[in-house]
Amino acid sequence: MFNRIQNRILFSYIVVLISSFLVVLIAASLFIHKTYFSYALNDLKDDAGLFIDEFTKDAIINKNIDFLRKIIKKQGEDYSIDIFDNQGALLAGSEHMDFKRQEFEQPEFKIAPSEGYGYAIRPGEDKVKTVYVAIPIIENGSWIGFVRISTPLLYIEKTIYRLRSYVIFIFIFSIPISFLISIFLAQSISRPLIEMTKAAKKISSGDLNSHVNIKRRK
């Protein structure tokens, strides 16, 4: 009977602790995904902005394709760069050079004025899920073209997966510690109950001198 009281208290603590850990784990996982994805988008936007300067603007206005190709060759290995004019014609690109290709129907060109860029996730030309980020090129208050940067979603998901793995590891590591804490708390709470139960049994059997020595707790 005494063990049953302690086990019920212990079980309640474990259920509450594990439930709390699971809620925190899910919330942390969603937070990591949202936060890092937002960070990755801003990072891509900043990388795309590195390709915009006065020389790039002059090359777009004058349709200096050779100069734009040279700029694109400076790109990093983890992403691709495309430069468009304000009509949506591709002027120079990392992977394709179809100058008449129209791209304005793609979602990433629906640029939010408050954010200064647009993005979309869809399969690329190689059928791999890709993140596209487009930012406008502005000269004298007018849009003269766009820079679009793209990278496989896999790169972003790998980092998110790694961060989630750290959180899961911490969760797993915390379980035995929480279990030990639960045992300690269950024992400290059940001890006075067990002592009262023992004293009640003695009194019921005729031992009226029996008493319970329980310290007052806040």
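Lys-57 is buried (under 20% relative accessible area, where exposed is over 50% and partly exposed is in between, with a 1.4 Å probe and protein chains only), as its relative accessible area is 13%. Its side chain meets that of Glu-54 in a salt bridge, at 3.7 Å from N to O; a salt bridge is a side-chain nitrogen of Lys or Arg within 4 Å of a carboxyl oxygen of Asp or Glu. The model is predicted, so local features need pLDDT of at least 70 and side-chain atom pairs count only at pLDDT 80 or more, while totals for chains, interfaces and linings use all residues. Residues are numbered from 1 along each chain as its sequence is written, and side-chain values use heavy atoms, leaving out hydrogens and water.

- Lys-57 and Glu-54 stand 3 residues apart in helix H2 (residues 54-61), about one helical turn; helices (H or I, at least four residues) and strands (E, at least two) are DSSP runs, numbered from the N terminus.
- Glu-54 is partly exposed, with a relative accessibility of 45%.

**Salt bridges between separate parts**
- Arg-148 and Asp-82 form a salt bridge through their side chains, at 3.0 Å from N to O.
- Arg-148 belongs to strand S5 (residues 142-152) and Asp-82 to strand S1 (residues 80-85), so this pair ties together parts 66 residues apart in sequence.
- Arg-148 is buried at 2% relative accessibility, and Asp-82 is buried at 3%.
- Glu-108 and Arg-122 also meet in a salt bridge, at 2.6 Å from N to O.
- Both Glu-108 and Arg-122 are buried.

- The whole structure contains 5 salt bridges.
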